[in-house]
Amino acid sequence: MPVAAAADCVPPERPFLPQSQEDMRAYADLLRSDFEGYIADIQEYFRCLDAERQRAFQEAREVSEDYGKLVELLE
């Protein structure tokens with residue numbers, strides 16, 4: 001499994017929503033596309049963060065085990 005770092009998990013930009021209802025209607029297709037893209041991208045971002053969290057927990061467990069071995073050896 002490739003190692004992901006939290007820094008590799010890039011959050012998507014929040015989509016722009018015009019203040020004017022007229023502009024919302026005029027650009028509805030573009031805005032809809034932007035929001036749907038954001039939703040897909042934020043789900044990918046959450047998956048990346050979850051993978052990094054899992055990797056970090058596994059690493060912490062391994063480091064704790066290594067530290068236990070070191071303490072045992074030094075006693």
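**View 1. Cysteine 9 is a buried residue.** At 5% relative accessibility, cysteine 9 counts as buried (buried means under 20% relative accessible area, exposed over 50% and partly exposed in between, with a 1.4 Å probe and protein chains only). A word on the model before we go on: this is a predicted model, in which local features need pLDDT of at least 70, side-chain atom pairs count only at pLDDT 80 or more, and totals for chains, interfaces and linings use all residues. Residues are numbered from 1 along each chain as its sequence is written, and side-chain values use heavy atoms, with hydrogens and water left out.

**View 2. A disulfide joins cysteine 9 and cysteine 48.** The two sulfur atoms sit 2.0 Å apart, and a disulfide here is a pair of cysteine sulfur atoms within 2.5 Å. The count by this rule is one disulfide. The torsion about the S-S bond is about -80°, so the disulfide is left-handed. Cysteine 9 belongs to the segment before α1 (21-26) and cysteine 48 to helix α2 (residues 28-74), so the pair ties together parts that are 39 residues apart in sequence. Helices (H or I, at least four residues) and strands (E, at least two) are DSSP runs, numbered from the N terminus.

**View 3. Glutamate 52 meets arginine 55 through a polar contact.** Glutamate 52 is found in helix α2 and counts as buried, with a relative accessibility of 10%. The contact between the side chains of glutamate 52 and arginine 55 is 2.9 Å. A polar contact is a pair of N or O atoms within 3.5 Å; within protein, one must be able to donate a hydrogen and the other to accept it, and residues adjacent in sequence count only if both atoms are side-chain atoms.

**View 4. Aspartate 41 of helix α2 and proline 11 have C-alpha atoms 7.8 Å apart.** Along the chain, these two residues are 30 residues apart. Aspartate 41 is partly exposed, its relative accessible area being 46%.

**View 5. Stepping back, the protein chain shows two helices and zero strands.** Its radius of gyration is 22 Å, well over the 11 Å that the globule rule gives for 75 residues, so the chain is more spread out than a compact globule. That radius is taken over C-alpha atoms, and the globule rule is 2.2 Å times the number of residues to the power 0.38. The C-alpha trace spans about 75 × 25 × 10 Å along its principal axes. Of the 75 residues, 12% count as buried.
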